[in-house]
Amino acid sequence: MNILGQLKTSRYVRYVLIAVGILILIPLASMAYTAYATVEYWDLMAGDKTVAVFVSENDANQVVKDVTNYYVKKGAKLESVKVKPQLTVAEKTYNKDDDVKLCEVKDTVEYLVTGTREKTTYKVKEGDTFWTIAEDHDMTVKELSESNPDIKNTEKIMPGDELNIYKMKPIVKVTTTQVVETTKKIKYKTIARKTDELYEGETKVKREGKQGKRQVTERIVTENGVTVKSKELKSKTLKKAVNKIVLKGTKKRPVTKTSSSGSYQAADSTTYSGDGSEIANYAMQFIGNPYVYGGTSLTNGADCSGFVQSVYKHFGINLPRVGFENCGKSVPYSEARPGDIMCSPGHYSIYVGNGRIVHAIDEAHGINVTSVSFTGPIYDVRRIVD
């Protein structure tokens, strides 16, 4: 091959090598660009911890503003607000291939003030029921039951049992000081007056009480919406309260009849004027006292009927030792009110409301509060005061 031919061949080879090199460099350059491609986002920080990432600075700042004002009452004069840990916004560079979850304003606000679900343990106390425990911890009975799957019969929890309680723990604590104006009720007083027109133990409402109203301006300090401190600044009465007047009988009752067996029987099936809630509240005072078979002492021990008899005796109402089915009047269970006597097979109790009864159960449990179904089906409800 002559020199000219050699030069032409060499030039063709050189072109091929350049083309191949370009083809190799293009994807390498693309990969390098991708590796070093970045994007600017905005971090929301709670203290030194990133809690959310946003596309825009405005969204991040909006969260700070909404959390700050979350617990400010409508129409209130805000004096100060403190968020702990402090919320700050900072720009941050991310690689495009980073797995970044971008957040929404509304969801982030709810997350910060509501927080995460944390498990705690609650030890059952005297008088507790599943219903009252759930209510005290802002849970439904269903939620409490689902949190404690090992408890098959929720009606028979006992003092000392431990239950799982799940609470929401906020990410931040928002403390606000604000001046608010509210309308509050003025409670009426109950005035008792004696009368010989009623028997001892009987009561009659002569005049119903009516609550009053007052306009109150107060400075309140709240932590995550819960008032921890308040100071009344001024008050103005809008409507005066009307006191309740209750007549209490002083006339002696006729002596109760006695059967041939010597046991006391109800003189009749009449009901007496009174407040069943007062009877129920009085009975609740003896929770924790002992059960004694045949006993009638509310402090030293009573059995189920002795407990009921002694509670009513405190209000001047003499019931028989047993056989409450003959006393007062029968009412449907759906209409049961506090103070009514609940009759179940071989057992008596006093209804206290919300599906609960107070009664002398047995030697193991003493006088306690349980659900109505604890002692079995209720076959009669007797109303003594009406």
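Author: A disulfide is a pair of cysteine sulfur atoms within 2.5 Å, and by this rule the count here comes to zero. The model is a predicted one, in which local features need pLDDT of at least 70 and side-chain atom pairs count only at pLDDT 80 or more, while totals for chains, interfaces and linings use all residues. Residues are numbered from 1 along each chain as its sequence is written, and side-chain values use heavy atoms, with hydrogens and water left out.

Reader: Which cysteine sulfur is closest to that of Cys343, and at what distance?

Author: The closest cysteine sulfur belongs to Cys327, and because the separation is 8.9 Å, it is too far for a bond. Accessibility is a separate reading: buried means under 20% relative accessible area, exposed over 50%, and partly exposed in between, with a 1.4 Å probe and protein chains only. Cys343, at 0% relative accessibility, counts as buried, whereas Cys103, at 24%, counts as partly exposed.

Reader: How should I read a nonpolar core, and which residues of the largest one touch the most other members?

Author: A nonpolar core is a set of buried Ala, Val, Leu, Ile, Met, Phe, Trp, Tyr and Cys residues joined through side-chain atoms within 4.5 Å. The largest has 29 residues, of which Phe307, Val308, Tyr312, Leu319 and Ile341 touch the most other members. Helices (H or I, at least four residues) and strands (E, at least two) are DSSP runs numbered from the N terminus, and those that each supply at least two residues of this core are α6 (276–284), α7 (304–313), β16 (341–344), β17 (347–353), β18 (356–360) and β19 (367–371). The largest share, five residues, comes from α7. A second, separate core of 19 residues includes Val51, Val63, Val64 and Val109.

Reader: Is α7 largely enclosed or largely open to the outside?

Author: In general, an α-helix has 3.6 residues a turn, so residues three or four places apart point the same way. In this case nine of the 10 residues of α7 are buried, so the helix is largely enclosed by the rest of the structure; among the buried ones are Cys304, Phe307, Val308 and Tyr312. Contact means heavy atoms within 4.5 Å, and Val308, leaving aside its neighbours within four places in sequence, is in contact with Leu319, Phe324, Ile341, Tyr348, Ser349 and Ile350.

Reader: What is the strand order of the four-stranded open sheet?

Author: The order is β3-β7-β10-β11, with antiparallel pairing, and the edge strands, β3 (77–84) and β11 (226–239), each pair on one side only. Neighbouring strands are turned by 25° against each other on average, direction ignored. Seven bridges join β3 to β7, while β7 (residues 173–186) and β10 (residues 212–223) pair over 12 bridges. Thr175 of β7 is the bridge partner of Lys82, and its partner in β10 is Glu223.

Reader: Where does Thr195 lie, and what does its side chain reach?

Author: Thr195 is found in strand β8 (residues 190–199) and is buried, with a relative accessible area of 12%. A polar contact is a pair of N or O atoms within 3.5 Å; within protein, one must be able to donate a hydrogen and the other to accept it, and residues adjacent in sequence count only if both atoms are side-chain atoms. The side chain of Thr195 reaches the backbone nitrogen of Glu197 at 3.1 Å.

Key: Two strands pair if DSSP finds at least two bridges between them. Axes are lines fitted to C-alpha atoms, for helices over the stretch in contact, and angles run from 0 to 180 degrees between N-to-C directions.
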